[in-house]
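Work through the exercises below with the model open beside you. Try each task before you read its solution.

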Amino acid sequence: MDGANSTCWTVIRAAARADAAPERAEFVRRYAAPIRAYLGARWRGRPRLREEVDDATQEVFVECFRQGGALAKADEERAGGFRAFLYGVARHVALRAEGARPRDAQFSTPGGLDDLPADEPTLSRAFDRAWAQALVRAAAHRMAEEAARGDAGARRRVELLRRRFSDGAPIRDVAREWGVDAARVHHEYARARDEFRAALFAVVALECGGTAGEVARQCAQLVQLLDGGGRAP
Amino acid sequence: MTASDPPPTKPGDDAELDRLLAAAFARPSPSAEAVAPAPDRPLDEPTDVSDRYVVLGELGRGGVGVVLRGRDRELERDVAIKVLRPEHAAHEALSARFVAEARIGGHLEHPGTVPVYEMGRTKDARPYFTMKLVQGRTLASLLAARADPADERARFVAIFEQVCHAVAYAHSRGVIHRDLKPANVMVGAFGEVQVADWGLAKVVGVGTEEAPPAAAVGGAPRSAGDTATPRLSSSQFHSQAGSVLGTLAYMPPEQARGEVERVDARADVFSLGALLCEILTGAPPYVGDITTVFEHARVGRLDDALARLDRCGADAELVALARACLAADPAARPRDARDVATSVSAHRAALGERARAAEIAAAAATAKAGEERRARRLTTALALTIVAALLIFGAAWLKSERDQRLRQETAARPVRDALARARTLAQDAAAMAAPANLERWHDAAAAARQASDAAHSGDPGEAITQEADAEAARLTAAAAERDRDQAMAIEIGRIFGSWNTAPWPVVDAHFERAYRDWGVDFSTMDDAAIVARIRASERAIEIAQGIFGWIRTRAALPDAHGEPRDFRRFLAVCDGVDPDPWRTKIRMSLLDRDMRRSILAIADGPAARDFDLTTTLFLGFMLVQVEEYGRALDLFRAMWLKAPADYVLSIEIGEWSTSVDPPRWSDALAYATAAASIEPEIPAPFVVMGRAHDALCDWPAAAAKFRHALEMAPEHGLARTWLALALFRGGDDEGAAQEFARVAAMADRPPAGELALVDDALRRGDAAAAHARLVAALDHLGSGEVNLDGEERSRDWGDLALRLAESGDAAGALERTEAVIRRFNLLSRPWTQYRLQVTRAELLLGSGRLDEAVAAFDRAAALAADERLVRGRAEAAGLAGAARHFEALSSGEWEPASAAEFVASARYAQQQQSSALAFDLWRRAFEGDLQGARAADPSARVDAVHAALSVAAGEGADVQGLTEGARRHASATARVWLADEMRARTQPEAPRGALRTALERWLRDPALFVTRDRTRASAAFGADEARAWAATFAEIRERLKTAPAR
C-alpha cells in the first residue's frame, strides 16, 4: 500500500483486514500523534495514568484492529468523519483505563496549572490540535519527499523553509550563508510557500476528502485548530 | 479530484500560511516531546525492520542506536528493537560495538538483565536486536519523584541491592557495564529490577572461572583501543554533551581520564557507589555544569559528595559502603559488585533482625502502656470527681476542658498521620502481587506500630489510641501471615528441589510436615476447612501447586501393601482452591487410564500456547511424569521467554536440560545460574550447576558448587556423592576419600552414592566390602520403600545388579531383579519395566542362560511402546541374536553378515568378557564397512575403543595368550579409532555440537581413565603408548576450546 497516497478510509479499510500488518503500521504511524496528545492531556495531574499513555495508545490501536473491533465497525458516513470516530475510540479506552484505576485520584498531586486535569472540550481541542499538527507535518514530509525526487532547487527550497521556521533565520541571513542574492532567496521563498500550500492541500484532500472547496475550507480551519479553537475537518 | 490537482483557492492568507509553516517545521519543545508521538519525528527509521517485526513507535535514542517499540508478529508480543543509527551504518567500529552489545546482552542470562531475544539486520542492512520490552520506570525518574532523599529509603536500597546482584552476575561472567546510572536501571510494576543498556560493556579476560571467552560474545572488542567509550571521544563530546554529563556524574576517575587499561570491575563498583550516593543524598557524586562535572570526575574530587553522605542521616553501614565504593583509588574499593551486593544484603538482613527485635519491644511496650492506661483512667476518674466539685467554678472547668481537647488534638495529629500512612501502604501492598508486596506489608505494619507508639507516648484520647493499637495488631499480623506464606513458598521450592533425588517416602514426609506447619493437616481437618485455609492466602495458587506435587509423589508411592495410594482427596482440595478449568483438566489426567495420551492431547491443543505460567508449569510437570522430557523442556523454555524471573521455571529447565538425550549441559548451567540468582538459598540450582561443571570437566568449579549446596543442605546425599566423584575425577584423592566416608555415614544414601562407594571399595581392593554394599543397596532399592520409577533409579538398579553379577554373585543379582520385577510390574512406568527386563536379560546372558535371555530380551522389546524405546528394542533384539549365535561365533562356525550383526556380536562378546573376540569383530566391522557400522549404531566406535583398551590392559577372558606387541597394537588401534571418530564428528553432516559432546565424554569416560593417567597408562601399555595417549588427550582438550557449542 502506498501510505502517502491513501485516503484515511483506504488506510482504515485496509488495516481492518486480519492480515494487514503493513497497513496497520501505516495506520499507527498516521494516528498515534493525536491519540497520545489526547491521552496526555486527559491524564494531566494523574501521574499513574500518565505513565500509561504509551500503553493506552497501544490499546486504542488494539481496539481498532481486533477482529470485529472498532475499525470493522467504522462508518464513513458517520457525522464528524474519521476524526470523530478515532476520538470516540480513544475516549472509550481512556475511560476504561480510568475505571481500572479508581484510586488514582487520591494519589494525584497537582503541582500547578499544567497539572490540572482538563475538561472534555479542552481535551477535544488537544486532540484536534495534535490532529492538525499531524496534518501540517505530513504536508512538510510530503513536500520533502517530492523534493527528494526533484532537482537541487526543490531540495534547497525545503531547506529554506526549515531554516526560516525551524531555526528562525531571516531570509537575508540565509542569503548571506548561501552566498546568493537576497532577492533571489525571496523569490525561492515565495515558491517554497506555494509548494507547501499545494502539499498541504493534497494531504488534507487525501485525509478528509470532499470537493475542492471543502478541502480549501478545511485547510483554512487548520489554523484555528492549531490555536486551540474551531472544530476539526 | 486527485492529489496532484492544484488548489483552486489558497488555504488562508499569508499570516495563516506562516502559522501552518511554523507548526510544520517547528522543532518539538521538550514538553511537547513528552507527549509527542514517536512516528511524528523525522522518519529515519524503517517501519519494518524485518518481516517479523512491525515498528510501532520510538522509545528513545542514544549516541549509537535508536530504540523502537515493535510488535513481534510471530510471537504476538511487544518488544523493544534497538537499531544502529543510519549515520553510523558505515562506521565499522561503532557497528562492531553495537553487535557486541547485543551479544553481551544475549550472553547475560539473568533476571536482572534485559533479555535479548534476537539479532539481525534491517532491510537497509543495519544491525538490530530485539529485547524484552520492560514496562516500568527508570530508577532516575523514581528518584526524581521523591520529595526528600529520605523518602522510601528502604525501598530504594532494596532496588539497589537487586542492581548489585545483576552487576555481580555480569562480573562473574567477565563483563563490566561501564555506564551504570539510574537512567539505565528499569524498575518494573512489580518491583522487578533490570539493568539495561550494555552498549558500553566490556568483556575482560580476568574474572571467575565462568568468564566467557571473547568468542562467546562474538569477539567483542578487547584491545585497549576498543575500550575508549564513544561518549568520551572528542569528536562526539560536544554533540552528546547531555550523555556525557549524565554519565560522567557516575563515572570513576580512571574512566573519566580515559585510562582504559585501568577500567575493570571496580569501575562499576564506583558507579554503584555513585548510585547509592544519589539514593541516600538525592544527587550523584558530581553536580554542576558540564565543565565542573567533567573536571571533578577526572580528578575524583568527591569532598562535596562525601560531606553530603555524612549528613544524609542514613544508616552508618550504608554511608560507609558508599564511601568505600567511591574511593578515588580503585584498589581501595570493594573488589567487585558481589562484595557490594554481599554488604547490602547483610545490611538489609540486619535491618530485618532489628525490626523483629523492635516488634518484640513494641509488644512489650504495648503491654506496659495498657497498665499505664488503666492507672491513668483511675486518675482521670478521681480528677473528674474533683472537677465535679468545682463545677461551681464553671468558667474554670470550661477552660480546662478546652485545654484538654487542644492537648489531645495536638497529640492525635502524629498518630493520625502515621495511621494514614500505614493504611496507604497497606492499600498499596494489597494492590501489588505477592511476593513483591512483602516489604510493603512490613512497611505498613511498621507505620501502624509507629502510630501506636505515638498514641502511647502522648494523650491523644482513648478512641484513637485503641484504633492505632488495633491497626498495629492487624497489620503486624498481616505482615506475619505473608512471612509465613513466603516461608511456605520457599519450602515448597525446596521440596521440589529434592524431587529427583530424595526417595519418594522422604519427599512425602517433607510435604506432610510443610503443610502441617503452615496450618493444613490432612489427618485432622476436613476438605472444606483445608480449602478455606488455603484460599485465605494470597499465595493460594502456589500452595495448591505444592499439593499437586504432593499428589504426584503419592501417585508414585505405593502403600505398605504395594498398592497405589488414594489421592482423590488431594485432587478435590486442589480443585476447590484452584478451579481453573485447564488446570483441573490436567490434574484429572492423573486418574486417566492412559494418562500419557490425555496429557499429550492437552499439550498439542491450540490453547496450550496461551497458557499462563502456572498452567504451563502444571502441564510441564505432567509431561515429565509421562517421560516426555524434551516436550516439557520445550514448553518451559518458551514460557521462560515470558517469565525469566520465575524460580521454578528456571530450575525445572536446568534440571531437565540434564535429562534429555544428549544432555544440554551449557543450558543447564545457564538456567540453574538464573534460578540461583532468584532463590540463592535453595541448594537445587547449585547441585545442577555442579553436575553441569562436572560434565563439562571443570571439576574444581563442580566441587565448589556442590560444597555450596551442602552448606545449605548437609544431608543432600547426591550432592555429597557427586562432590566425592568430582574431587576424585579432579585428582584430589584425599578430599574424595573424606567425602566418600561422609557418604558412607549417611543414613539416606542415594543409590548413586552406594555405587560410588562400591567403586571406591573396589579401587581399594576391598571386594568383600563392595559385595556387601551392593547387596545392601539392592535390598534397599527393592524393599518397596523406594520407587524405582524414573530413569535414574531404574538405571541405578541395572548398574548395581550388573556390578553384583560382575563381582561373582550373578545368581543373587538375578534373584533380586526378578523379585523387583514381580513387585513393581503393575505399578512402574513402561520405561522402568523395560529397563528392569533388559537388566534381567543381561543377567541371564551373563549366567549363560541364553534361551531365557533371548525370551527376556524379546519381552523387553515388546515393552518398547514409543519412539524412544525403538533403539532399546533394536539393541535388545541384536543382543538376543548375538546370544543365539555366540557359541557358533566363538568356534568360528558362524559369521555376522551385516554391519548391525557385527556391532551386536562385538558388543555381546565384550559383555561376555571376550575382549579379544570383541576387538577382532570391531576391527573387521570397521575394515569391512566403516560407514555401515557407524550408521548401525552411532556409539559403535566408542564401544570399539573400550574393547580395544580392554585388550590393551589385558582385561578379558580370552586375552591371556596375547603378546606385549599385540596389546600395544590394540592400544594404538584405540587411538586411531578415537581420531577417526573425531574426524567424523567434524564433517559438515555431523549434528551441531556433536564433536563437543564426544570430546567431553572422552574426557570423563571411566573406561578411558587408564589412558588419561600417564602413570597408569605407562604401567599398562608402556612408556611410548603412554606418551602417545597424553598427546591424544592434549589434542582433545585443545579441540574442546574451539569446538562449536551444542
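**Exercise 1: Strand pairing in chain B**

β8(B) pairs in the antiparallel sense with strand β9 (residues 193–195) of chain B, over 3 bridges. This is a predicted model.

Task: Find the bridge partner of Val185(B) in β9(B). Then find which residue stands opposite Met186(B), and sort the residues of β8(B) by covered and uncovered face.

Solution. 
1. Start with β9(B). The bridge partner of Val185(B) there is Val195(B).
2. Turn to strand β6 (residues 136–138) of chain B. It pairs with β8(B) over 3 bridges, again in the antiparallel sense.
3. Look across from Met186(B) in β8(B). Thr138(B) stands opposite.
4. Now sort the faces of strand β8 (residues 185–188). Val185(B) and Val187(B) form the covered face. Met186(B) and Gly188(B) form the uncovered one.

**Exercise 2: One glutamate**

Task: Locate Glu254(B) in its helix. Is Glu254(B) buried or exposed?

Solution. 
1. Find the helix. Glu254(B) belongs to α8 of chain B, residues 253–256.
2. Count neighbours. Glu254(B) has 21 C-beta neighbours inside 10 Å.
3. Apply the cut-off. A residue is buried at 20 or more, so Glu254(B) counts as buried.
4. Pro330(B) is 76 residues away along the chain, yet its C-alpha lies 8.2 Å from that of Glu254(B).

**Exercise 3: Confidence**

Task: Where in chain B is confidence lowest, and where is it highest? Which stretches of chain B have pLDDT under 50, or below 50?

Solution. 
1. Take the average. Chain B has a mean pLDDT of 76, and 78% of its residues score at least 70.
2. Helix α6 (residues 234–237) of chain B is lowest, with a mean of 28. Helix α9 (residues 265–281) of chain B is highest, at 93.
3. List stretches. Residues 1–12 of chain B have pLDDT below 50, with 25 contacts beyond near neighbours in sequence. Residues 29–45 of chain B stay under 50, with 28 contacts beyond four places in sequence.
4. Draw the lesson. Where pLDDT is low, predicted coordinates should not be read in detail.
5. Note the complex scores. The predictor gives an ipTM of 0.76 and a pTM of 0.41.

**Exercise 4: Chain A**

Task: How many helices and strands does chain A have? What percentage of its residues is buried?

Solution. 
1. Count elements. Chain A has 12 helices and 0 strands.
2. Take burial. Of the 233 residues in chain A, 47% are buried.
3. Look at contacts. Among those in chain A with a separation of 6 or more, 66% join residues 24 or more positions apart.

Conventions. Residues are numbered from 1 along each chain as its sequence is written. Chains are lettered from A and ligands numbered from 1 in the order in which they are written. This is a predicted model: local features need pLDDT of at least 70, side-chain atom pairs count only at pLDDT 80 or more; totals for chains, interfaces and linings use all residues. Helices (H or I, at least four residues) and strands (E, at least two) are DSSP runs, numbered from the N terminus. A residue is buried if 20 or more other C-beta atoms lie within 10 Å of its own, exposed if 12 or fewer, and partly exposed in between; C-beta atoms are placed from the backbone. pLDDT is the predictor's confidence in each residue, from 0 to 100. Two residues are in contact if their C-beta atoms, placed from the backbone, lie within 7 Å. Two strands pair if DSSP finds at least two bridges between them.
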